[in-house]
Amino acid sequence: MSIAKTQIRQMKLPILPTSMVGSFAMPGWLERLKTDYFARRISHHDLDEIYDAAAKAAIKDQEVAGLDIITDGEPRRDNVVDYFLERIPGIQIDRSSKKFYYDFYDSSVHSKLPTASLGLVRDFQFLKAFTDHETKICITGPHCLTKRLRNQFYPSDEALAMDLARVMNLELKALAKAGAGLIQIDEPYYSGFPEDVSWGIKALNTLVDGVDTKIGLHVCYGNRYGKPSWEGSYRYLFPAVLDAHIQQLTLEFARRGGEDLDLFREFKPSFDLGVGVIDVKNDEIETADMVAEHIRRALAVMPAERIAVLPDCGCFHLARDVAFAKLKAMVEGTKMVRRELGQ
Amino acid sequence: MNLHLNHLNAKAAAVTPMVVEALQKLVAAGDMDPAQFAGLQVQLDWVQYKQNFREVVSVTRGAKVTDMRIDTRQVTPDNLRPEMLRALAGVEGIPLEDFKSFRNSIAWEFNKRYWGNLGDWERMTGKGYQEALPGGKSDGNQDDAVVDSVADFWSLLRDMETRKQLPPEFFILEIGVGSGTRCGMFVEKFRQLDQQRGTSYYPRLRVLMGDYSLETLDMSRPAVKDHIHLCSFLALDALNPLKTLSFLRHKILYIHSTNMYDNLPDEEIMRRDGGLYYVHMRAYVPMPDAVRLAEKYKFPLDGLRGVVDKLLAIGPDFGGDIECGMSFWAELWKAMRLEEQMVAFEDLPDLMLPTGLDVPRLEDILAGVSGDLRFHLSSGALESFVNTIPLLHPRGYLQVQDIFVTDLNDYRVGFHGPGKLDGSIVNWVNGALLKGVAERTGYDLHFAPYRYRKESKTSVLYTTPRE
């Protein structure tokens, strides 16, 4: 069952709250150290310490940029998939299949997945320990994970996704219990497989069932190597997504333009809108004016109280200075609109 | 001394004993220090380009190492020893610049000026530039090759249509248009296939023809005259197409070029005894040629550099007589040579590798090859690639017909440039390095042999998105 908004702890946030989608820039030095780890040149212990330092730096950068909701920047994640599949017991991973740390493992499932902790609460607790801001933790959804798995047991992709959702649901409940105020589910592969959306939403609802916190859903057009994986219109999401048990839907609009904002006028969803205002597939730094204009367009279809401001997707592929400058522009542009609204 | 036979030409290999004997005689005669002999690396090349920048024997020096390179195609029993002595003594000629990485050499200004005055060169030589190519014809214009390219592109559109992913307009881009023939053939064959299959794609085609030479763009127009309503002609820097076309980021479905990468600025790197060195170069005119040119074209010998500057800045009519200017240009270009020195990476605090590459990445790519190696960095090709692929639609692809070195070990068994083709420069493209850089930008590169002309040295590079 879905969680009514009144039951969820209200976050202490200004109007038009700003945050990253999830990841911050992955510095070149960290890429090389990750590669060194795979080449057995540094130990797992050293790598963990490096990750912690990188996460602290990412948290601080977000605070200095002026974001309202903070993530850990996700330096520990090789990509959107492997960090989760590695933690799910019963999934077989060919560790020789990765040339760069960023590559996907060749992963497969051969039997019913057992239930176990995935250890994500530790990431959340680390984040909470280093910021007083409101926080967000991002989880890759069951549809995306299913599409990167060779399914050799379940009768269909849908069945696999539903069982992944069942296993991961326990972790989401643990996160909520630990105090996670906002959990964002990332489902970038919806856009590549629009024909799956109906069962993808069902799996999503299983994933968040009984999770007593605010749930966001992020859907983009892919961000592998800083380029889109697909093109099209978000129209494919509707009306199926209206059944999703979420409180916020975050989409990319900066790169693609705001045409699909009209879908929110047309379908009048009950969930809030997370509007992507920063193009993460382009190194050009947006101006605050450009950001403000994106937000004003969103205001035409949704009241300010129901809009959050974000980049189009994770900042993973941007250089750190570029990502930081973009986030600052996002914050400045948001402040401009807040002032226009008398806030 | 290490002797490296850098070719598989049996006839040329016969020179080897003669080289060893000549070197031993130099030591015996006191013309070479035994310590220098001990550390000497001698490379025997078969320089395939009849017009090139090499002397019969040339010496490349670094702080700790010396390389001697011998062109076995030019060497004779009579000229070997004197050429060795001349090379060891140092270049005697008029330098046209200071030592620098080759990509910044004045040689590339000549190359650029050539494409800007292509018509003048063709009038002077009495033949089209394609006739200067090995084989006398561009591999871009083979009928059956274009037919296959068109079929591939049509299949992509068909698949996208099936998946309801077809955009309203289909942008295609040709970088380096040449005579325009390939583009004209592609669009015409596409129109025919579209009509034959009843798909109505042709009117939605948007053909972007990009070249940095306005003269070349103008010359290409007649080749696409039947489809001119679909074509746009763009002054475009092949090193950075994104600069002109950023509004089409992630929008172009098919990008193609033929023999463009091999004409982009390039430079060379050496790995010697585990250390990495840039090969810095300096263009010069050998003294006998400089004296001859000064006398024939009536300028003081020390005024050569000034005359060259005028030629490059103004063009062949710099003296008011274009025939004379063209003749001077051709003779000067033929005479021009490159002197080399090695500079260790650690002595270059401002070392700038091309976009997409850094020293650790370069070392990773080189890790699969052992020992000493001299190779092209293909800086221009790397830069062009990295600045082109952001234009690709998620389903789009890049196809490049060019001469590629796809295995770094191949640098040990062949000379790969630079050579001269009429007034332009040609270098083989380091496909192995390009592949390594491409992987980090989200694309796998594949090299297919060009199967449409016997004995063609062309390969076809095409991209697939990296999962």
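Predicted model: local features only at pLDDT ≥ 70, side-chain atom pairs only at ≥ 80, totals over all residues.
The largest nonpolar core holds 94 residues. Within this core, A:I183, A:I185, A:L204 and A:L249 touch the most other members. When residues up to four places away in sequence are not counted, A:L249 touches A:L217, A:V219, A:F238, A:V241, A:F264, A:F271, A:D272, A:L273 and A:G274. Another core, of 60 residues, lies apart from the largest one. Its residues include B:L236, B:Y261, B:L348 and B:L366.

In chain B, B:S149 is located in helix α7, which covers residues 143-162. The relative accessibility of B:S149 is 6%. Buried means under 20% relative accessible area, so B:S149 counts as buried at 6%. With residues up to four places away in sequence again left out, B:S149 touches B:R182, B:F186, B:Y254, B:Y397 and B:Q399.

Helix α1 of chain A spans residues 28-38, and its buried residues are A:L30, A:K34 and A:D36. Viewed down the axis of α1(A), these buried residues fall within an arc of 155°, and they therefore line one face of the helix. In general, an α-helix has 3.6 residues a turn, so residues three or four places apart point the same way. The partner against which the buried residues of α1(A) pack is α2 (44-65) of chain A. Just after α1(A), A:R40 adopts a positive phi of about 65°.

How values were computed: Residues numbered from 1 in each chain as written. Chains lettered and ligands numbered in written order. Heavy atoms only, no water. Core = buried A, V, L, I, M, F, W, Y, C linked by side-chain atoms within 4.5 Å. Buried < 20%, exposed > 50% of the residue type's maximum accessible area, 1.4 Å probe, protein only. Contact = heavy atoms within 4.5 Å. Helix = DSSP H or I, 4+ residues; strand = E, 2+ residues; numbered from the N terminus. Arc of directions from axis to C-beta.
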